[in-house]
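Please look over the sequence and the structure before reading on.

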Amino acid sequence: MTDKKHLVSFLLAICVTIVMLFSVLYIAAESNHDCANDSCPICYQINVCEHTLKTLSTVVTAIATMLTVSYWGRICMPICPNHNLLFTLVTLKVKLSN
């Protein structure tokens, strides 16, 4: 089951990368087109590509931040493995009898 999840996440990452790449290439290729009127389909597509890039860049930044935080958490946790960081009544073996 985890192999399927890894494969799906890898394919999704590839798709996001391809969408970002082709959006940039489309904007670069069509940036100097002859715009005939206000309802130009090429201008509309350029706006869609720009919006897609802005949205994906926000998502990619958030994911990169989460991965960085989890990576540093994994590095810093083995420094103090003997400390119990969760103090509850059960872990302290407190008996609640009246």
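The sections below cover the basis of the model, the overall fold, selected residues, the cysteines and a surface patch.

## Basis of the model

The model is predicted: local features need pLDDT of at least 70, side-chain atom pairs count only at pLDDT 80 or more, and totals for chains, interfaces and linings use all residues. Residues are numbered from 1 along each chain as its sequence is written, and side-chain values use heavy atoms, with hydrogens and water left out.

## Overall fold

The protein chain has two helices and zero strands. Helices (H or I, at least four residues) and strands (E, at least two) are taken as DSSP runs and numbered from the N terminus. Helix α1 covers residues 2-29, and helix α2 covers residues 41-76.

Of the 98 residues in the protein chain, 8% are buried. Buried means under 20% relative accessible area, exposed means over 50%, and partly exposed lies in between (1.4 Å probe, protein chains only). The chain exposes about 8,800 Å², and carbon and sulfur atoms supply 69% of this area. Accessible areas come from the Shrake-Rupley method with a 1.4 Å probe; for residues, only the protein chains shown count as cover.

## Serine 23 and leucine 53

Serine 23 is in helix α1 and leucine 53 is in helix α2. Serine 23 counts as buried because its relative accessibility is 6%; leucine 53 is also buried, at 18%. The two residues are 30 apart in sequence, and their C-alpha atoms are 7.2 Å apart in space.

Contact here means heavy atoms within 4.5 Å. Not counting residues up to four places away in sequence, serine 23 touches Cys49, Thr52 and Leu53. With neighbours within four places likewise left aside, leucine 53 is in contact with Met20, Ser23, Val24 and Ile27.

Threonine 55 counts as partly exposed because its relative accessibility is 38%.

Histidine 33 sits in the loop between α1 and α2. A polar atom of the histidine 33 side chain lies 2.9 Å from the backbone oxygen of glutamate 30. Beyond neighbours within four places in sequence, histidine 33 is in contact with Cys40, Ile42, Cys43 and Ile46.

## Cysteines

How many disulfides does a search of the whole structure find? It finds zero, where a disulfide is a pair of cysteine sulfur atoms within 2.5 Å. For cysteine 40, the nearest cysteine sulfur is that of cysteine 43, 3.9 Å away. For cysteine 43, the nearest is that of cysteine 35, 3.5 Å away.

Cysteine 40 counts as buried because its relative accessibility is 9%. Cysteine 43 is partly exposed, with a relative accessible area of 25%.

## Nonpolar surface patch

Leu7, Phe10, Leu11, Ile14, Ile18, Leu21, Phe22 and Leu25 form a nonpolar patch on the surface, and together they have about 780 Å² of accessible area. One of them, leucine 7, lies in helix α1.

Patches are made of residues with over 30% relative accessible area and no salt bridge: like charges are joined within 9 Å, and nonpolar side chains (Val, Leu, Ile, Met, Phe, Trp, Tyr) within 5 Å. A salt bridge is a side-chain nitrogen of Lys or Arg within 4 Å of a carboxyl oxygen of Asp or Glu.

Note on methods
A polar contact is a pair of N or O atoms within 3.5 Å; within protein, one must be able to donate a hydrogen and the other to accept it, and residues adjacent in sequence count only if both atoms are side-chain atoms.
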